Amino acid sequence: MEDNDRPYTPLLRAIQEPLLPKPHVVAMKCFLVGINISSIAIGAIYFNDCPGQYLIPYYLIISGVACLLLLCLTCLPCGDGREPPSISLPNVCAQSVMILFLFAFFIAGNVWIYSLNSEPWDSPSGPHRCNRVLYLYSFWVITLCHLCVAVLVLTYLCLLLFLCILRRSMFWRSWVNIS
C-alpha cells in the first residue's frame, strides 16, 4: 500500500510512535526484568520466613510473574521496521487486564508490607517477625514504585502547567495584536 492511498492521520501516527529511543526502552525493560526475577527469587527463597505477614513472599512472587508477563505482552507487537507495528485488540485487552490486576495487587501489597512497618518485625522471637532480607527488599521495591509514580505525576503536572502558560501567552498575544 502506498502512502498516497492511506488517509493522513497525524494523531494516530503520533500515538503509535515510541516516546523514548529504542535503546532506552530496551535498557529499561532489561532493568525491570532483573528486578522482577530477583523479586521472584527472593520470594521463593524466603517463602516461609515471614510469619508476621505470610503474604509478603506471595506478593513478591505473583507480582514478579505478572510484571514479567506484562513485559512480554509489550514486546509482542514487533514490526518489520518499515512501518510502525500494529497492536492487536486481544493484546491491548490482555495488557489492560494485567495493568488492572497489578494495580489492585499493588494496593494489597502496600497493606501487607506497610502493616509490619510499625511492628518490631526484626526481633527473632516476636510474633510479627519477618526475614530481614525479604522485608527490606519488598519494602524498598514498593517504596521505589511510589517514588517513580510521584516523579511521573510531578513531571506531567509541570508539563501541564507549562502548556497552560504557553497557551495563555499565545492567547494574550493574539488578543493584543487584534486590539
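At 54% relative accessibility, Cys 148 is classed as exposed, and this cysteine takes part in no disulfide, the nearest cysteine sulfur being that of Cys 145 at a distance of 6.5 Å. The structure described here is a predicted model. Cys 67, by comparison, is partly exposed, with a relative accessible area of 23%. The closest cysteine sulfur to that of Cys 67 also belongs to Cys 145, but it lies 7.6 Å away and is therefore too far for a bond, given that a disulfide requires two cysteine sulfur atoms within 2.5 Å.

A disulfide is a covalent bond between the sulfur atoms of two cysteines. In the model the count comes to 1 disulfide by the distance rule, and this bond joins Cys 50 to Cys 130 with an S to S distance of 2.1 Å. Distant parts of the chain are linked by the pair, since Cys 50 is found in the loop between α2 and α3 whereas Cys 130 is found in the loop between α4 (89-114) and α5 (132-178), the two residues being 80 residues apart. The torsion about the S-S bond of Cys 50 and Cys 130 is about -115 degrees, and the disulfide is therefore left-handed. Both of these cysteines, Cys 50 and Cys 130, are buried.

The loop between α2 (22-45) and α3 (55-75) also holds Gly 52. When its neighbours within four places in sequence are left aside, Gly 52 is in contact with Leu 116, Pro 127, His 128 and Arg 129. Between Gly 52 and Trp 112, which are separated by 60 residues in sequence, the C-alpha to C-alpha distance is 9.8 Å.

The largest nonpolar core comprises 19 residues, of which Ile 56, Tyr 59, Ile 113, Leu 116, Leu 134 and Tyr 135 touch the most other members. Two or more residues are given to this core by each of α3, α4 and α5, and the largest share, 6 residues, comes from α5.

Technical notes: Residues are numbered from 1 along each chain as its sequence is written. This is a predicted model: local features need pLDDT of at least 70, side-chain atom pairs count only at pLDDT 80 or more; totals for chains, interfaces and linings use all residues. Side-chain values use heavy atoms; hydrogens and water are left out. Helices (H or I, at least four residues) and strands (E, at least two) are DSSP runs, numbered from the N terminus. Contact means heavy atoms within 4.5 Å. Buried means under 20% relative accessible area, exposed over 50%, partly exposed in between (1.4 Å probe, protein chains only). A nonpolar core is a set of buried Ala, Val, Leu, Ile, Met, Phe, Trp, Tyr and Cys residues joined through side-chain atoms within 4.5 Å.
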